[in-house]
Amino acid sequence: MTSEPTRRVLDPDRDGAALKALTHPLRIELLGLLRQHGPATASELAARTGESSASTSYHLRVLAKYAFVAEADHRDSRERRWKAVHTLTSWSNEAMHRAPGGRAALSTIRRRQLEHLERSLVRHEADLESGRIDSAWQEPSGLSDALPRLTPESLTELWEAVAAKTAELAARDADDPRAEQVVVFTAGLPLAPEAAPDTEGDAS
């Protein structure tokens, strides 16, 4: 198993069609399932998503057209298995905001990520409750909503530090039998100060 992610960096100016294809909610879900669970057939993915195999097959072909997925090794000649080509997809936010339709695409993708977080939370709670994962995971798991004041440069540095530390720890734990797949979500969303409420006319 490799701990080094393979990253595909999309250019909104050059890869506009690929980005548009990726905004479809089922395609995002299919790509995520292949990355999370490994190669699968359209029928297996249909069972996971509740869609028809005809629908998952069509959307897998669209993902393959734009090189997000590719055919995997087949167990036999009767089935067609698919695999994710990359473990990560990224882009320049600045370039996305400049590109026609880029802001809408970015917003759609981010909302699909939030939906994935919600599904992951539900699954995590069920896995702990049922004992499918050890209770030792109870204490370190969780969500954080810290609100630090940072400059753009510091936020960039924070992203880089989190990525580097995640890669370091994944490499260290790669062969540890206690290691489990952990869904790690990070968000850095600067907010402008809220306007002061209009108190004109209030009684003193």
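Q: What counts as a helix and what counts as a strand here?
A: A helix is a DSSP run of H or I with at least four residues, and a strand is a run of E with at least two. The structure is a predicted model. Where does A67 lie under this definition? A67 lies in the loop between α4 (53-65) and β3.

Q: What makes the backbone at A67 worth noting?
A: A67 is not a glycine, although it has a positive phi of about 65°. A positive phi is also found just after α3, where G50 takes a value of about 80°.

Q: Why is A67 called partly exposed?
A: Its relative accessibility is 38%. Buried means under 20% and exposed means over 50%, with partly exposed in between. A67 therefore counts as partly exposed.

Q: How many helices and strands does the protein have, and in which order do they run?
A: The secondary structure comes to seven helices and five strands. From the N terminus on, the elements run β-α-α-β-α-α-β-β-β-α-α-α. Along its principal axes, the C-alpha trace spans about 80 × 45 × 35 Å.

Q: Why are β2 and β3 called edge strands of their sheet?
A: The open sheet of three strands has the order β2-β4-β3, with antiparallel pairing. β2 and β3 each have a single partner strand, so one side of each is left without a neighbour in the sheet.

Q: Which strand is joined to β1, and in which sense do the two run?
A: β1 is joined by four bridges to strand β5 (residues 88-91), and the two run parallel. One of the residue pairs places R7 with its bridge partner L88 in β5. On β1, R8 and L10 form a covered face, whereas R7 and V9 form an uncovered one. In general, strands of a sheet pair through backbone hydrogen bonds, either parallel or antiparallel.

Q: Why is D15 called buried?
A: D15 has a relative accessibility of 14%. Buried means under 20%, so D15 counts as buried. D15 is found in the loop between β1 (7-10) and α1 (16-22). Leaving aside neighbours within four places in sequence, D15 is in contact with V9 and L10; such a contact requires heavy atoms within 4.5 Å.

Q: What makes H97 buried, partly exposed or exposed?
A: The relative accessibility of H97 is 39%. H97 is found in helix α5 (residues 93-98). Leaving aside neighbours within four places in sequence, H97 is in contact with R103 and L106. The C-alpha atoms of H97 and P12 are separated by 9.1 Å, and these residues are 85 apart along the chain.

Q: How do you know on which side of α3 its buried residues lie?
A: In α3 (residues 42-49), the buried residues are A42, L45, A46 and T49. They cover an arc of only 105° around the axis, which puts them on the same side of α3. The face turned away from this buried side carries the exposed residues A47 and R48. The buried residues pack against α2 (25-37), β2, α4 and β4.

Q: What share of the contacts joins residues at least 24 apart?
A: Among contacts between residues at least 6 apart in sequence, 58% join residues at least 24 apart.

Q: How many positive and negative charges are there, and how far apart are their mean positions?
A: There are 26 positive and 32 negative charges, and their mean positions are 9 Å apart.

Conventions:
Residues numbered from 1 in each chain as written. Predicted model: local features only at pLDDT ≥ 70, side-chain atom pairs only at ≥ 80, totals over all residues. Heavy atoms only, no water. Lys, Arg positive; Asp, Glu negative; His and termini not counted. Charge placed at Lys NZ, Arg CZ, Asp CG, Glu CD. Buried < 20%, exposed > 50% of the residue type's maximum accessible area, 1.4 Å probe, protein only. Pairing = 2+ DSSP bridges. Arc of directions from axis to C-beta.
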